[in-house]
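Subject: Structure handover

Dear colleague,

Please find the structure below, followed by notes on what was found in it.

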Amino acid sequence: MSFRLLHSADWHLGRTFFNVSLLDDQAHVLEQLVALARDTRADALVIAGDVYDRAVPPADAVRLLDETLKRLALDLSLAVVIIAGNHDSAERLGFGAALMEERRCFLRGPLDTALRPIEIPGRDGAARFYPLPYAEPAEVREHLANPDLHSQDAALGALVAGLGKLPRDLPNIAVCHCFVTGGAICESERPLSVGGAGQVSADRFAGFDYAALGHLHRPQAIGARVHYSGSLLKYSFSEASHTKSISLVDLGDDSLRIERIGLRPRRDLRVLEGHLADLLAGPPPGESADDYLLVRLLDTGALLDPMGRLREVYPNALHLERPALERTGGGPLPDLGREQLARGDEALFGDFFAQVTGSPLAPDQQAVLHQVLGDLRRREREAGSTRLVPAAADNA
Ligand SMILES: [Mn+2]
């Protein structure tokens, strides 16, 4: 026998990135997911939490999930298992769950109804799913009437122990939204708690044939049977190097095969580095000008409206960094006392420049500064009354 599973997680429907709605980007890759479900003839799809980006999602995010589930569960007759993540409201996500279960769409949010195992028949044998939706340790304490559960790990241990000894007649699949120790994190995951108390041990899943996990946004495995599918899209610039994918999992009698099938985003999310003049020449062949970009400008001099000019070439440039202008010294700012001020404009500006850029004025820059200050003073003298440059020692 064998059971074929599609594993996905962290859709974060309704997310915005630098005030840009990603809904069209999400719809674009969900098209690919629906095609994949059809073409691979999968027996079930798992969405391991963070279906929505927030507890009260925007209406168009709800519409996108509704449309996607309709196509999967009704048009393709695919069984779908969904658990709540830390971004979801378990109660709201669980709305209509009993009704949808009639059509093999298993929504599991609140603990009181979530933990019942689900047996799903496939074309060539069945599998048994154990939903373990995200819950705070306090909720698990109350649910199990066990006052000793103060960490995610203890809470998960108690929930798994509560399942009893797992029957071995079918493959047993855990579906959980958690942070397994040893996993690689990125910037778009909201921490599950302060310090280490949010992490759980991979050993908690030792009794399962496969653990379909959500929360960490990079696709990764922790041991042979504990897997994160990763998120649907890159949701931070720290994920620029990720390849997002859906995991196609084949569970056989004594075998486990996992293939990550890459998703092709509508727009990639990348970091672009260079000098403004070079970047304005446009992207090299093969790179799209429409991607979501973090632009790191290497120029050290003053630039007029760099973002406005970049957006004429790269309309989705979202964020600009000027590493050369970030303070490199890190020490305290000099105390501008009377003595310091008496050194004159050129010396003061030289200090300021070195402070900001990390290197002293080059001779040609020094010459420009000297000329500009000289011009200002000349105009000041000619204007008579208005002082453009404060009187300083080197004026004397
Ligand atoms: Mn997430």
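A donor here is an N, O or S atom within 2.8 Å of the metal (3.2 Å for Na, K and Ca); water is not among the atoms, so sites may look incomplete. This is a predicted model, in which local features need pLDDT of at least 70 and side-chain atom pairs count only at pLDDT 80 or more, while totals for chains, interfaces and linings use all residues. Residues are numbered from 1 along each chain as its sequence is written, and side-chain values use heavy atoms, with hydrogens and water left out.

Along the chain, the donors of the manganese ion are spaced as D-x1-H-x37-D-x166-H. Helices (H or I, at least four residues) and strands (E, at least two) are DSSP runs, numbered from the N terminus. The protein donors are Asp10 (OD), His12 (NE2), Asp50 (OD) and His217 (NE2), at 2.0 to 2.4 Å from the manganese ion. His12 counts as buried because its relative accessibility is 0%; Asp50, at 1%, is also buried. Buried means under 20% relative accessible area, exposed over 50%, and partly exposed in between (1.4 Å probe, protein chains only).

Sheets

Two strands pair if DSSP finds at least two bridges between them. Ser8 stands opposite Ile47 in β4.

Another open sheet of six strands runs β7-β8-β9-β12-β14-β13, again with mixed pairing. Here β7 (118-122) and β13 (220-221) are at the edges with a single partner strand each, so one side of each has no neighbour in the sheet. Strands β8 (125-132) and β9 (172-177) pair in the parallel sense over five bridges, and Tyr130 has Ala174 of β9 as its bridge partner.

The contact of α1 with α2 (heavy atoms within 4.5 Å) includes Leu30 and Leu33 of α1 and Leu64 and Leu72 of α2.

Regards
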